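I opened this notebook to keep track of what I looked up, one topic per entry.

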Amino acid sequence: MSMNRRMCIYSAVNIDGQKYKRIKRTGWRYDPRIPEEYQIMKECYGNAPKFSRGHMTRREDPNWGDNAIQGNDDSMHVTNAVPQMQNFNGGVWLTLENYALENAKRDKQKICVFTGPYLSDNDPIKHGVKIPVEFWKVIVSIHDETKKLCATGYTMSQENFLRSDEFVYGEFLTYQTPIRVIEKKAGLKFSKLAEVDPLKDEIFESINSPIQSVRQIRYY
């Protein structure tokens with residue numbers, strides 16, 4: 001968690017597709033592990049033009065095994081939420097999340113997913129809260145074909161729809177991004193995962209054009 005931004009720097013989840021369980025959604029709650037003044041429950045959240053509580057770890061992802069109910073409940077702590085525009089979780093970003101979970105369930109795989117906002121000093125202030133304009137995701141799995149460890153990174157940007165005085169709703173752009181770039185921008189280290197990234201030798205910050213389909217993702 002970021003103390004001054006009162007939102008998570010990153011969220012991480014392990015998924016065991018073989019043990020997945022379907023569980024009903026519960027309500028948002030404070031995280032009991034840290035003081036409530038360092039969490040955002042309302043303020044910037046509400047109906048448009050306010051923002052939705054965007055899950056970093058997707059609610060369904062930790063719903064597996066003997067602790068599936070706890071995983072579901074824990075995902076609803078506001079420490080796992082970051083302000084997002086009302087229609088943010090759509091398009092390729094949602095497809096990526098579905099793709100990871102459904103593949104894990106179908107192939108009985110174990111997958112690790114890391115997600116977070118890029119917290120920039122230049123983020124705009126709305127309703128008294130600095131709102132991130134970019135988010136990142138790293139998905140780690142054993143590749144179906146090569147049977148080797150593979151980690152891929154992604155960035156979702158709504159920067160093109162940011163105006164000086166308001167957010168403009170529109171199509172959000174998703175890019176496959178080298179993990180080394182995510183590390184630098186997010187101030188994190190993913191240990192050896194950057195070495196198994198198919199974009200590890202790329203010098204550009206992301207694939208030049210946005211991903212329109214998961215079929216465009218480079219795995220090797």
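**Cys-44 and the cores.** I began with the surroundings of Cys-44 in this predicted model, and I set aside its neighbours within four places in sequence, which left contacts with Lys-50, Phe-51, Pro-83, Lys-126, His-127, Val-129 and Ile-131. I then looked up the largest nonpolar core, which has 17 residues, and found Cys-44 listed among those with the most contacts inside it, together with Ile-40, Tyr-45, Phe-51, Val-82 and Val-129. Apart from this core lies another, of 12 residues, including Val-140, Ile-179, Ile-182 and Phe-190. As background I noted that nonpolar side chains tend to be buried together in soluble globular proteins.

**Overall counts.** I listed 3 helices and 9 strands for the protein, and from the N terminus on the elements run β-β-α-β-α-β-β-β-β-β-β-α. Of the 220 residues, 52% are buried, while the protein exposes about 11800 Å², with carbon and sulfur atoms supplying 49% of that area. When I took the contacts between residues at least 6 apart in sequence, 70% of them turned out to join residues at least 24 apart.

**The open sheet.** I traced an open sheet of 5 strands, in the order β1-β4-β7-β8-β9, with antiparallel pairing. Its edge strands are β1 and β9 (173–176), each of which pairs on one side only, and the twist from one strand to the next averages 20°. For β7 (residues 134–142) and β8 (residues 149–157) I found 9 bridges, the two strands running antiparallel, and in this pair Ile-139 stands opposite Thr-152 of β8. The pairing of β8 with β9 is also antiparallel and extends over 4 bridges, with Thr-155 opposite Tyr-175 of β9.

I went on to ask which way the side chains of β9 point. Leu-173 and Tyr-175 point one way, Thr-174 and Gln-176 point the other way, and all of them are buried. In general, the side chains of a regular strand alternate between the two faces of the sheet.

**Backbone exceptions.** Ala-48 and Pro-49 are joined by a cis peptide bond, with omega about 15°, and Pro-49 has its place in the loop between β1 and β2. His-127, although not a glycine, has a positive phi of about 55°; this residue lies in the loop between β5 (125–126) and β6 (129–130), and I recorded it as partly exposed, with a relative accessible area of 38%. His-127 had already come up as one of the contacts of Cys-44. Ser-191 likewise has a positive phi, near 55°, and is placed in the segment after α3 (179–186), where I found it exposed, at a relative accessible area of 64%.

Is Ser-75 buried or exposed? With a relative accessible area of 4%, and with the limit for buried set at under 20%, Ser-75 counts as buried. It is found in the loop between α1 and β3, and a polar atom of its side chain lies 2.7 Å from the backbone oxygen of Asn-72. Beyond four places in sequence, Ser-75 is in contact with Trp-28, His-55, Arg-59, Pro-62 and Asn-80; for Pro-62, which is 13 residues away in sequence, I noted a C-alpha to C-alpha distance of 7.7 Å.

Thr-79 sits in the loop between α1 (68–74) and β3 (81–84), and it is buried as well, with a relative accessible area of 11%. Its side chain is joined to that of Asp-31 by a polar contact of 2.9 Å, and its contacts, leaving aside neighbours within four places in sequence, are Met-1, Cys-8, Asp-31, Arg-33, Ile-34 and Gln-39.

**Arg-25.** My last entry concerns Arg-25, in the loop between β1 (11–16) and β2 (52–55). Not counting residues up to four places away in sequence, Arg-25 touches His-55, Arg-59, Asn-72 and Met-76. I also looked up the pair Arg-25 and Glu-60, which are 35 residues apart along the chain, and found their C-alpha atoms separated by 8.9 Å.

Technical notes:
Residues are numbered from 1 along each chain as its sequence is written. This is a predicted model: local features need pLDDT of at least 70, side-chain atom pairs count only at pLDDT 80 or more; totals for chains, interfaces and linings use all residues. Side-chain values use heavy atoms; hydrogens and water are left out. Contact means heavy atoms within 4.5 Å. Buried means under 20% relative accessible area, exposed over 50%, partly exposed in between (1.4 Å probe, protein chains only). A polar contact is a pair of N or O atoms within 3.5 Å; within protein, one must be able to donate a hydrogen and the other to accept it, and residues adjacent in sequence count only if both atoms are side-chain atoms. A nonpolar core is a set of buried Ala, Val, Leu, Ile, Met, Phe, Trp, Tyr and Cys residues joined through side-chain atoms within 4.5 Å. Two strands pair if DSSP finds at least two bridges between them. Axes are lines fitted to C-alpha atoms, for helices over the stretch in contact, and angles run from 0 to 180 degrees between N-to-C directions. Accessible areas come from the Shrake-Rupley method with a 1.4 Å probe; for residues, only the protein chains shown count as cover.
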